[in-house]
Amino acid sequence: MSETVRHVSIDPITRLEGHGRIELFLDENGGLADAFFQIPELRGFERFCLGRQGEDMPQITERICGVCPEAHHFASTKTLDACYGAPPPPRAKALRELLYNGYIFSDHLLHFYYLGGPDFLVGPYAPPQERNIFGVIGKVGLELGKEVIKHRGYGQRIIELVGGRPIHPVSGLPGGQSKGITEEERAEIESMAASAVEFAQATIGIFKEKLLEDATFVRFVSEESLALPTYYMGLVDGEGAVNFYDGKVRVVGPDGAEYAQVAAEGVLELIEERTEPWTYVKIPYLKDVGWSGFAAGPDSGVYRVGPLARLNVCKAVGTPRAQTEYEAFLDYFGGGPVHATFAYHWARLIEMLSAAERTAALAADPNLMDGSLRAPLGEPGEGVGVIEAARGTLIHHYRLNDRGLIDAVNLIVATTHNVAAISLSIKEMARAVVQDGNVDQGILNLVEMSFRNYDPCLACATHALPGQMPLIVDVRDADGTVRRRIER
Amino acid sequence: MTALIIGWGNPIAGDDGLGWKAAELVREHVGRAGPAEVVTTAHGALRVAERMLGYDRVVVLDAAVDAEGSEIVRTVIRPREIEATEGPIGHDGSLIDAVRALRRLRADGLPEEIVLYGAPIAAPRDWDDRPSASMEEAAARLARAALAELVFGREGIADA
């Protein structure tokens, strides 16, 4: 490192799941020299799974994360379907998808009202203690609070009814589901889903009223320097519409043209994983485009996943109200693909509405109540399962031996796909706001906001919602001594 | 009065699974039709706090990363007094934040009292689906504490 570079460290990052660290390096003029996003924890999860029964994997992998166990549960179940050559019968598929859309709705709701949305609902320059759910309630009204709790509860109730338990579902089995639901349960889900649709629509109304009228947010979604023209990846169904549970993996380029569309087993042919000495996380990129460093553009294999990516790879959203909102989204930006990183927030709410609508439609699906719950299993082998977690494409890949025991495991989680893009977004925001060595709390929150767009989940295992995790910022002189420390 | 016992931890993260293990011991003892509902979870604090809604009294069994010594630590959160509540258990900051969030959201059905029992551990180990030998014993003590406190109606830590 140059002697004239100073070092700013943000560790840990607040209001995200798990542990991460942002490193900012300042040049001699106090501007930004470089920025990196680190995941300093080594988990070794894949090794832990070796030698275990394949059918245990949905219960094991869902404990990787205290936030989105449903995503791992069904990514794992789908992988076992593939390993045993046993696609689930229509009833089992409908049940899985029903639970899964309930999870997407609930998780996106969490992000908007608790994690990322408060940045703008309250204002990025508000004191840190106000940039949380309390500040949101203060801004939009107390009655909303009860609606947030009620609808979070609806999402969890759907998971409980279909998944067998309110936490850590147990219903997914290779080739199907362990249980169905009763007519009373179906009717309850239908009623909750109808309410969820209205709540999601109302939340989009709040977004438009509060954020699209907010000068800072408008600046951030409009400023070209904060946009990343990357490739995008996501699942689409046979009509090219967004599908969280199943479909083909579609990748489009920065110009929106299709780069690839493959079935789950083909996705690993598209990507290569790269290691860097400063982080334990592997950094995937599009193999045939190649690695050109941390850069966007058509010649860089960096790609993004998650809500914005899904809306960029799809031809439609697939549900009527969300489709209307999707078209308004495209109109706002003058068409797609939309590269504005801060548009992730808007895309997430459109998906929240779509998930609620899809839940309502599935609750009325005749496949839900009749038919077989499991397909016969073939011989164990190798399989890949792909699902769209709330944060983006989640890939499980297992190889079972002839006794059904795990011989090999590889997991590529949503935040991993986004690591290169997160580093780029942090760098662009820091370049825009860090000047003359000024790194006060307001500026640091802006840098964190660029990170929170992605709703990153680094948890891997535990159960901390780090609402009050300390934020420590060290500003170091060229010789490495701490010249200034900021804590909150 | 409705009561809930929550075993909080990750059962595949070594000693971090202590609370989970303790809750399973409680469940074995009281059965599914016992005087308290028993659940286990590795979820984040907000979902744990949401799970408490509708119960009068909640006992949380957990590993206490930050606690000193080897004694079980008992901390009481009274949601109505949440602003003044502090405690040494590793996850308590996050749980208090979550309870406070629900209070500010005017959640109905927050418990009158949340009792956290934490058994100190050095640090969660890497992936392992069994607590260490010393933690097996600590899990039994946690389970006894929960039973004494909630099921038999007296503060459990003295008997644990």
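A: Gladly! Let us begin with contacts: two residues are in contact if their C-beta atoms, placed from the backbone, lie within 7 Å. Please keep in mind that this is a predicted model.

Q: Of the contacts in chain A with a separation of 6 or more, what percentage comes from residues 24 or more positions apart?
A: In chain A, such residues account for 71% of the contacts with a separation of 6 or more.

Q: How many helices and strands are there in chain A?
A: Chain A holds 15 helices and 16 strands. As for burial, 57% of its 488 residues count as buried.

Q: Which residues are buried in helix H9 of chain A?
A: A residue is buried if 20 or more other C-beta atoms lie within 10 Å of its own. In H9(A), which spans residues 215–222, that applies to Phe217(A), Phe220(A) and Val221(A). Looking down the axis of H9(A), you would find its buried residues within an arc of 95°, so they line one face of the helix. On the other side of H9(A) sit Ala215(A) and Arg219(A), which are exposed.

Q: How are two packed helices described?
A: We use the angle between their axes and the distance between the axes. Take helix H14 (residues 414–433) and helix H15 (residues 441–452) of chain A: their axes come within 8 Å and cross at roughly 155°. Angles over 145 degrees count as roughly antiparallel, and the crossing angle therefore makes H14(A) roughly antiparallel to H15(A). Their crossing is right-handed.

Q: Which residues meet where H14(A) and H15(A) touch?
A: From H14(A) come Ile422(A), Ser425(A), Ile426(A), Met429(A), Ala430(A) and Val433(A), and they meet Ile443(A), Leu446(A), Val447(A), Ser450(A) and Phe451(A) of H15(A). By class, the residues of this contact are nine nonpolar, two polar and no charged.

Q: At what angle do the axes of helices H4 and H13 of chain A cross?
A: The axes of H4(A) (residues 90–115) and H13(A) (residues 343–363) cross at roughly 150° and come within 8 Å. These two helices are therefore roughly antiparallel to each other. The crossing of H4(A) and H13(A) is left-handed.

Q: What classes of residue make up the contact of H4(A) with H13(A)?
A: There are twelve nonpolar, five polar and four charged residues in that contact. Among them, Leu98(A), Phe105(A) and His108(A) belong to H4(A), while Arg348(A), Met352(A) and Thr359(A) belong to H13(A).

Terms used
Residues numbered from 1 in each chain as written. Chains lettered and ligands numbered in written order. Predicted model: local features only at pLDDT ≥ 70, side-chain atom pairs only at ≥ 80, totals over all residues. Buried ≥ 20, exposed ≤ 12 C-beta atoms within 10 Å, placed from the backbone. Helix = DSSP H or I, 4+ residues; strand = E, 2+ residues; numbered from the N terminus. Arc of directions from axis to C-beta. Axes fitted to C-alpha atoms, helices over the stretch in contact; angles between N-to-C directions. Parallel < 35°, antiparallel > 145°, perpendicular 65-115°, else oblique. Left-handed = near helix turned anticlockwise from the far one by under 90°. Nonpolar A, V, L, I, M, F, W, Y, C, P; charged D, E, K, R; others polar.
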